[in-house]
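Here is a short briefing to read beside the structure.

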Amino acid sequence: MEISITKASTLKDHPSDQGLGFGTVFTDHMFNMDYNPEKGWHNPRIEPFGPLTMSPATMVLHYGQAIFEGLKAFRSPDGGVQLFRPRDNFKRMNKSAEMLCIPQFDEDMVMEALLKLVDLDRSWVPGATGTSLYIRPTIIATDPYIGLRAAQTYRFFIILSPVGAYYPEGFNPVKIWVTRDYVRAVRGGVGRAKTAGNYAASLYATELAHQDGYTQVLWLDGVELKYVEEVGSMNIFFVIGDEIITPRLNGSILSGVTRDSVIAMARSWGMTVTERRIAIDEIFESHAKGLLKEVFGSGTAAVISPVGNIKFHERVIDIADGKVGPVASRLFKELMDIQYGKVPDTEGWIVPVPAA
């Protein structure tokens, strides 16, 4: 399919790199594509950023049939623009689509569209260290129908947002809150899909965590309420003794692209990385024995987020005296160096954005 391009007649002012927040400013253009049973995915187009018009009966508003991804474009030292593992995001998006009964899309065609879109808005890619262009591909059900079934029509869109640090703390330890009272997902559900409902399910407990002075919720499994799964916006890692441990993918945990990068990178350094079930009680016991050296999260938004404090009901532990540990620090630096093009990419993770 040929991708049409309609340029905006009026361009927006760019924010300064220093004043960037996260997810509040959007670029001049977006990608749109439609689906119906007769034509399949069709009419791929890049056009000015603008609102979507839909009926109040649109199915996504009532039944939550929506999936999305998050990835980033970075400004390299030579002024070029590059993406980090975008094809992995589109592969995962198609897996989410399968779980939500959404038709598969052509990953190569969407990749081509993304490169054209980012190239068109490349002036929006900030250059300061720690900033990037956040990319949000999304698919929503668009049938104007009140009835519970998979939709027959869909909209695929991609929007772009220049961003700064995800957490106000920056690369400093965050505080996370553990609960047995609420769950985000269960095995056999859609926990492994990046779908809107998973995040809606996390809002109430996250608000309780915020009221208690904590940044994020660390979720336990939804069956036994004892095994660690993931944090609201990131996968989680524990350095216990000389081993890095992360919960294994069990069907209710999102398969993070950054998570996979961390595992590959740490193993290439000769570190022992284990994917297994790990109980919250084991975390506290390891801390009591002096074996819990570091805790950190991984995700597209924050890259690596060290954890300095964990609260589980009335029990509270401080990790590494509230400081950033050496494993998290090295992973953060080396991942960022690859993403910003400061060191060679030996893994094939970087996709340059060619200029038209």
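**Helices, charges and surface**

At the start of H3, a side-chain oxygen of aspartate 106 comes to within 2.9 Å of the backbone nitrogen of aspartate 108. This is a predicted model. Aspartate 108 also pairs with arginine 87 in a salt bridge.

- H3 covers residues 107-120, 14 residues in all. Its first and last C-alpha atoms are 20 Å apart, close to the 20 Å expected at 1.5 Å a residue.
- Buried residues of H3 include Met109, Val110, Met111, Ala113 and Leu114. Leu115, Leu117, Val118 and Asp119 of H3 are buried too.
- Aspartate 108, by contrast, is exposed, because its relative accessibility is 52% and the cut-off for exposed is over 50%.
- H6 covers residues 257-268 and has 12 residues. It reaches 17 Å from first C-alpha to last, close to the expected 16 Å.
- In H6, the buried residues include Val257, Val262, Ile263, Met265 and Ala266. Thr258, Arg259 and Ser261 are also buried in H6.
- Just after H6, glycine 270 has a positive phi of about 85°.

**Salt bridges**

- The whole structure holds 19 salt bridges.
- Side chains of opposite charge can pair when their charged atoms come close.
- In the pair of arginine 87 and aspartate 108, the closest N and O atoms are 3.0 Å apart. Arginine 87 sits in helix H2 and aspartate 108 in helix H3, so the pair ties together parts 21 residues apart in sequence. Arginine 87 is partly exposed at 42% relative accessibility.
- Arginine 149 and aspartate 143 form a salt bridge at 3.0 Å, N to O. Is aspartate 143 buried or exposed? Aspartate 143 is buried, at 5% relative accessibility. Arginine 149 is partly exposed, with a relative accessible area of 31%.
- Arginine 315 and aspartate 281 meet in a salt bridge at 3.1 Å, N to O. This pair links distant parts of the chain, 34 residues apart: arginine 315 is in strand E17 (residues 315-318) and aspartate 281 in helix H7 (residues 280-288). Arginine 315 is partly exposed, at 38% relative accessible area. Aspartate 281 is partly exposed as well, at 33%.
- Asp34, Arg45, Glu47 and Arg155 are joined in a network of salt bridges.

- Arginine 85 has a positive phi near 55°. It lies in the loop between strand E6 (81-84) and helix H2 (86-99). At 8% relative accessibility, arginine 85 is buried.
- Cysteine 101 has a positive phi near 60°. It lies in the loop between H2 and H3. Cysteine 101 counts as exposed, at 52% relative accessibility.

**Surface and interior positions**

- Leu52, Met54 and Leu61 make a nonpolar patch on the surface. Together they have about 240 Å² of accessible area.
- Methionine 54 is in the loop between strand E3 (40-48) and helix H1 (59-63). It is partly exposed, with a relative accessible area of 35%.
- Proline 344 is in the loop between helix H8 (326-339) and strand E18 (350-352). It is exposed, at 68% relative accessible area. Its C-alpha is 30 Å from that of proline 247, 97 residues apart along the chain.
- Serine 305 is in strand E16 (residues 303-312). It is buried, at 1% relative accessibility. Leaving aside neighbours within four places in sequence, serine 305 contacts Tyr167, Val174, Met234, Phe296 and Gly297.

Note on methods:
Residues are numbered from 1 along each chain as its sequence is written. This is a predicted model: local features need pLDDT of at least 70, side-chain atom pairs count only at pLDDT 80 or more; totals for chains, interfaces and linings use all residues. Side-chain values use heavy atoms; hydrogens and water are left out. Helices (H or I, at least four residues) and strands (E, at least two) are DSSP runs, numbered from the N terminus. The expected span of a helix is 1.5 Å times one less than its number of residues. Buried means under 20% relative accessible area, exposed over 50%, partly exposed in between (1.4 Å probe, protein chains only). A polar contact is a pair of N or O atoms within 3.5 Å; within protein, one must be able to donate a hydrogen and the other to accept it, and residues adjacent in sequence count only if both atoms are side-chain atoms. Patches are made of residues with over 30% relative accessible area and no salt bridge: like charges are joined within 9 Å, nonpolar side chains (Val, Leu, Ile, Met, Phe, Trp, Tyr) within 5 Å. Accessible areas come from the Shrake-Rupley method with a 1.4 Å probe; for residues, only the protein chains shown count as cover. A salt bridge is a side-chain nitrogen of Lys or Arg within 4 Å of a carboxyl oxygen of Asp or Glu. Contact means heavy atoms within 4.5 Å.
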